[in-house]
Structures are given as C-alpha cells and as structure tokens.
Amino acid sequence: MQSSDKVSQQIAGIGYPATWDVETLKRKWVGFLKALMDDGEVTIPQKRVQFQVEQSSTYQDILRRWPRMSESERLDTWKQLMEFSEKCSRELLPACAQCGECCRKGSPTLQVEDLELLRQGKIPWNMLYTLRRGEAVRSPFEEKLFFLLDERIKIREKDGNRECAFLDGANDVCTIYADRPVQCRAQACWDPEPAKEVAGQPYLTRRDIFQGVELLMDLMAEHDKRCAFGKLKAAFEALEETKGENVEEVLELLAYEDHFRHFLGEQLKIPEDTLELVFGRSFADLVSVFGFKVRQEPDSTRCLVPDLG
C-alpha cells in the first residue's frame with residue numbers, strides 16, 4: 001500500500017486545488033482514487049472504496065465546507081482527503097456497496113443448498129451449464145488454471161467475458177439479488193474467508209438435479225465415458241507432437257461428441273439451450289482451452305484454426 005509520501009507524489013500532478021469548485025474537487029478526487037487503485041498493490045474494487053469514502057462524515061463535511069475555505073485551507077483539506085482515501089482502501093468496513101465488480105470476475109458455482117432455487121424456478125435451467133470432471137478451469141481465488149476432480153454446475157457468463165449473465169452491467173444491479181446463490185451471498189471483497197468456507201461445502205451436481213430420471217442419468221454417464229475431457233486433451237497433445245498430422249482425429253472427436261449430444265437431445269426432447277447443463281460444454285467450445293477454434297466453412301465442413309482473439 002502507498003505511504004503518505006507516495007500519496008503526496010501522486011497529487012502533485014493533479015493541479016491546484018485552491019482554484020477548484022466542488023464539482024472539480026469531486027472529479028479530481030475520483031481520478032486520484034482510480035490512480036491509487038490502479039497502482040497494482042490494491043485488489044479491492046475502486047467503486048467499493050469510493051462508496052465507503054462518500055458515505056463518511058469526513059467526505060460530506062469537506063464538500064459542505066469547501067466553498068467557504070481559504071486557499072491554504074483547501075490545500076490542507078485536499079491532502080487530508082487523499083490520505084483519508086488511502087486509509088479507507090486499507091481499512092474497509094464490512095459492507096457491500098453492490099458495485100458489481102465481484103459479478104464481473106465470474107459467475108457463481110452452485111452448492112447443494114442452491115437446489116431449492118432451481119426447483120422454485122428462481123434460476124432457470126437454461127441459465128446453467130456443467131463443468132465436467134477433468135476440465136481445466138480458473139480458480140476464483142487465484143489467477144491460475146487447475147483440473148477439476150469432480151463436476152460443478154455454474155451460472156452462465158456473458159459472451160466474450162466472465163461477467164455473470166444475471167448482472168445488469170449498465171446499472172450494476174444483480175437481477176436475481178433476492179434469490180442469489182449461496183456463493184454470491186458469501187462473496188465479500190473486504191474478506192475472502194466466507195467465500196472460501198462456502199467453497200469447501202458440497203457442490204451441486206447433475207445427479208442432484210436429475211435424481212430419479214435413471215435413463216437420463218445413464219445417458220449422461222455414457223457421454224462422460226465416451227466423450228471425456230481427457231480424450232480431447234490427449235488428442236490435442238498428439239496434435240502438437242505430430243505437428244498437426246492427426247488433425248482429422250481431433251475433428252472426428254469433435255463431430256462424434258456433437259452428434260452424441262444433439263442426437264440424444266432430439267430423442268429425449270431436451271431443449272437446445274439446456275444441453276450444456278445436461279451434457280456439459282461441447283468439445284467445439286472447449287477447443288479454446290488449447291488455443292484453437294472451430295470454423296464452419298460454406299460447405300458445412302468444419303476446420304480447426306488457431307484462436308488469435
């Protein structure tokens with residue numbers, strides 16, 4: 001965290017506070033706060049710190065008195081505000097500002113306790129997908145990949161980023177806030193321990209959701225056996241070893257998995273938007289893990305090409 005000397009160094013280039021009106025003061029302060037949070041040493045969302053400062057009596061008192069302050073008073077008060085902001089970034093109060101930053105870092109994984117939300121229709125099935133055993137995923141607590149030892153059920157994320165599908169990003173509002181999953185309720189940017197504790201509790205699985213539907217359970221097990229993520233991983237390892245010579249093997253594996261899920265989906269009348277919950281993510285989507293993507297040609301044939309995006 002920055003020392004008072006570093007704070008003083010940062011504010012030196014901001015301008016001359018003595019000439020600012022209240023609106024300029026607020027704008028300059030937000031700019032300073034952004035610089036403070038972007039210095040790489042603070043991982044708390046800027047909006048969370050901003051909320052805490054803005055709700056404080058210190059900040060409100062500064063805004064109230066600013067128009068009547070002398071030039072020297074404004075200079076001293078500006079420095080006090082910067083130091084107070086730096087202090088707040090280190091000493092967060094345990095309160096959620098609903099800034100949406102947690103929701104932008106990824107969607108929640110569901111726990112067994114969340115099953116009731118599905119039964120009541122609070123979270124539609126088509127908003128879920130399955131991460132199957134063996135898949136590579138990113139830890140919510142550390143920026144690194146690991147391979148799942150057992151499956152997870154997650155809420156969908158928006159295309160092109162990790163933002164939860166239920167976040168109204170324009171207004172920083174969770175559209176299911178009253179019925180949000182356990183993991184969301186435990187999330188706290190000022191204290192990661194409650195979320196870590198929840199992560200140690202039993203995860204929701206497809207067996208919990210589809211218990212009693214034995215035919216479907218058997219078919220999901222067969223899909224897991226024939227189209228295990230490990231087979232896709234092995235095919236791409238061979239692709240690298242053979243310098244691309246076994247690309248047809250990879251394409252055949254993709255085609256087989258695609259046929260399996262869609263054939264059974266049609267036979268069992270499973271809605272298309274629920275297939276990722278029933279059978280997990282398709283191999284065609286998972287090739288991005290290995291740096292590739294599937295391109296559909298005009299003649300309907302599929303090609304494997306590097307993902308340069």
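This is a short chat about the predicted model shown above.

Visitor: What does the secondary structure of the protein chain come to?
Guide: The chain has 15 helices and eight strands.

Visitor: And what is the radius of gyration of the chain?
Guide: The radius of gyration is 25 Å. The globule rule gives 19 Å for 309 residues, so the chain is more spread out than a compact globule.

Visitor: What does the C-alpha trace span along its principal axes?
Guide: The C-alpha trace spans about 80 × 50 × 35 Å.

Visitor: How many of the residues are buried, as a percentage?
Guide: Buried residues make up 40% of the 309.

Visitor: What about the accessible surface?
Guide: The accessible surface is about 17300 Å². Carbon and sulfur atoms account for 51% of that surface.

Visitor: Which residues of α12 are buried?
Guide: They are F229, L232, A235, F236, A238 and L239.

Visitor: New topic. How many salt bridges are there?
Guide: The count comes to 22 salt bridges. In general, side chains of opposite charge can pair when their charged atoms come close.

Visitor: Back to α12, then. Which residue meets E237 in a salt bridge?
Guide: The partner of E237 is K233, at 2.8 Å from N to O. Both residues lie in α12, four residues apart, about one turn of the helix.

Visitor: Why does that spacing matter?
Guide: An α-helix has 3.6 residues a turn, so residues three or four places apart point the same way.

Visitor: Are E237 and K233 buried or partly exposed?
Guide: E237 is partly exposed, at 38% relative accessibility. K233 is partly exposed too, at 28%.

Visitor: What does R64 pair with?
Guide: R64 forms a salt bridge with D61, and their closest N and O atoms are 2.2 Å apart. Both sit in helix α4 (residues 57–65), three residues apart. D61 is partly exposed, with a relative accessible area of 25%.

Visitor: And R261, what is its salt-bridge partner?
Guide: R261 pairs with E257, with the closest N and O atoms 2.8 Å apart. The two are four residues apart in helix α13, about one helical turn.

Visitor: R261 and E257: buried or exposed?
Guide: R261 is buried, and so is E257.

Visitor: Which residues are linked in a network of salt bridges?
Guide: The network links K47, E101, R104, K158, E163 and D172.

Visitor: One last residue. Where is R281?
Guide: R281 is in the loop between α14 (275–278) and α15. A polar contact of 2.5 Å joins the side chains of R281 and E135.

Visitor: What else does R281 touch?
Guide: Leaving out residues up to four places away in sequence, R281 touches several residues, including Y129, T130, L131, A136, R261, E276 and L286.

Visitor: And contacts across the chain, how far apart in sequence are they?
Guide: Among contacts between residues at least 6 apart in sequence, 66% join residues at least 24 apart.

Terms used
Residues are numbered from 1 along each chain as its sequence is written. This is a predicted model: local features need pLDDT of at least 70, side-chain atom pairs count only at pLDDT 80 or more; totals for chains, interfaces and linings use all residues. Side-chain values use heavy atoms; hydrogens and water are left out. Buried means under 20% relative accessible area, exposed over 50%, partly exposed in between (1.4 Å probe, protein chains only). A salt bridge is a side-chain nitrogen of Lys or Arg within 4 Å of a carboxyl oxygen of Asp or Glu. A polar contact is a pair of N or O atoms within 3.5 Å; within protein, one must be able to donate a hydrogen and the other to accept it, and residues adjacent in sequence count only if both atoms are side-chain atoms. Contact means heavy atoms within 4.5 Å. The radius of gyration is taken over C-alpha atoms; the globule rule is 2.2 Å times the number of residues to the power 0.38. Accessible areas come from the Shrake-Rupley method with a 1.4 Å probe; for residues, only the protein chains shown count as cover.
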